[in-house]
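This report describes a model with the sequence and structure shown below. Please look at both before reading on.

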Amino acid sequence: MDDSERIKRELVELIPRLRRFARSLTRDVADADDLVQLALEKALGRLDQWQRGTRLDSWMFTIVRNTWLDELRSRSRRGEFGPLDEQHEPAAVDAARTEDTLAIQQALGRLPEEQRSCLMLVLVEGLSYQEAASALGIPIGTLTSRLARGRDALQAVLGTEAG
Amino acid sequence: MQISDELLMRYADGELDPIERARVDDAVRADPALGRRITAFRAQRDRLARALASELEEPVPDRLRMVIERAAAVAPPRIADLSERRARKRLADRILAWSWPEAGALAASLLLGALIAQQVGQKRAESTLRTSSDGLFAGPTIAQALSTQLASRQSPTADVRVGLTFENQRGELCRTFADHAASLSGFACRIGREWRVEMALSGASSRPGEQQGAVRTAGSEMSPDLLSAVEAQIRGEPLDATAEAKALQNDWRPPGR
């Protein structure tokens with residue numbers, strides 16, 4: 001029990017990073033919080049599946065992303081729009097955000113999810129290539145090439161907007 | 001040698017081993033354009049991280065914190081005495097490991113003696129449980145399971161499943177059971193050649209794996225009534241698989257004798 005109390009404390013500390021990653025997936029603040037909540041509930045229900053000694057954040061990123069992919073699948077089964085519909089104003093509501101934050105968020109939002117997740121986990125969350133590849137369930141070579149393509153695409157988008 | 005853009009990216013991200021790194025260092029000395037490319041990769045990384053750092057500053061919604069804290073609340077209740085607490089924790093772990101399937105489905109109706117007959121049905125009750133002037137005893141089916149089944153080796157589809165085996169305050173060996181066919185669960189203690197039923201609960205029961213769609217939380221794995229009845233009577237900790245097998249060999253005679 002002491003062990004699971006410790007994990008729970010760590011989970012609380014992870015919430016801001018989980019929300020950030022979730023937003024990069026959902027591109028909607030409210031959806032992201034729902035997603036994080038769902039992922040936390042899942043994780044708490046299967047804490048025994050987390051391998052001690054591995055990164056808890058990686059494990060949580062995996063759960064967040066898989067939960068999101070499940071949600072997308074069931075949305076498309078229900079005939080609903082995906083996350084790219086126009087009904088939600090993407091995270092732009094927070095006036096405190098700097099201009100560059102918005103520019104980066106929008107640029108990221110134009111990338112395919114598979115590239116976006118690679119960029120988020122490696123460049124923003126600081127996972128190693130190997131850790132990110134495991135979290136995403138892909139070979140490290142695939143991660144490396146998605147990362148390279150994602151970086152090029154990001155640069156292209158940001159470059160266009162600057163010019 | 002060929003210096004690919006990907007190699008430069010991996011260099012910038014600190015992903016190269018020392019030998020590869022040295023090779024890139026050499027190449028950069030020969031071609032400054034490669035160095036500028038590495039700088040560009042690092043600048044992009046820094047820009048991205050800096051731009052999104054502000055998102056970590058936002059206050060966390062209470063409901064997200066609550067998800068975790070609520071989960072903490074299902075931990076077993078605090079008990080003053082440490083050894084009792086340890087025993088109780090072990091008991092709870094064993095119960096979870098055993099994964100009592102009646103869980104939430106179990107109606108919280110406690111039946112004793114004659115009441116059994118009405119609730120379970122006279123005929124069924126006669127074969128399941130037997131009343132005598134000495135009390136309530138297990139009928140042939142449950143008695144057979146209690147006498148011969150080991151919790152660790154029983155079939156998940158058995159009609160009667162045995163759960164915990166423990167010694168009660170009188171030094172008798174007791175075992176919890178779930179009779180799926182009769183929708184009955186409880187625990188019984190070995191008295192001579194008989195199993196005296198100390199507690200019986202009725203309720204719709206299902207075998208493991210038959211529950212559908214229900215979210216099963218840790219606390220709902222076993223009827224709280226049964227759990228607290230066992231807790232009230234147990235002496236020490238439940239028997240582990242080895243001790244259980246030994247007790248079977250010894251025909252469930254009181255361990256003290």
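What pLDDT does chain A average?

## Confidence

Chain A averages a pLDDT of 86, and 85% of the residues score at least 70; pLDDT is the predictor's confidence in each residue, from 0 to 100. Over residues 84-93 of chain A the pLDDT is below 50. That stretch has eleven contacts in the model beyond near neighbours in sequence, a contact being two residues whose C-beta atoms, placed from the backbone, lie within 7 Å.

The model is predicted: local features need pLDDT of at least 70, side-chain atom pairs count only at pLDDT 80 or more, and totals for chains, interfaces and linings use all residues. Residues are numbered from 1 along each chain as its sequence is written, while chains are lettered from A and ligands numbered from 1 in the order in which they are written.

## Chain B

Chain B has ten helices and eight strands. These are DSSP runs numbered from the N terminus, helices being H or I with at least four residues and strands E with at least two.

Of its 257 residues, 31% count as buried, with 20 or more other C-beta atoms within 10 Å of their own.

## Helix H4 of chain A

Helix H4 of chain A covers residues 99-109, and Ile104(A), Ala107(A) and Leu108(A) are buried in it. The buried residues of H4(A) fall within an arc of 100° seen down the axis, so they line one face of the helix. The arc is that of the directions from the helix axis to the C-beta atoms.

## Where the chains touch

The contact takes 30 residues from chain A and 26 residues from chain B. On the side of chain A that touches chain B, H1(A) gives the most, with nine residues.

How values were computed:
A residue is buried if 20 or more other C-beta atoms lie within 10 Å of its own, exposed if 12 or fewer, and partly exposed in between; C-beta atoms are placed from the backbone.
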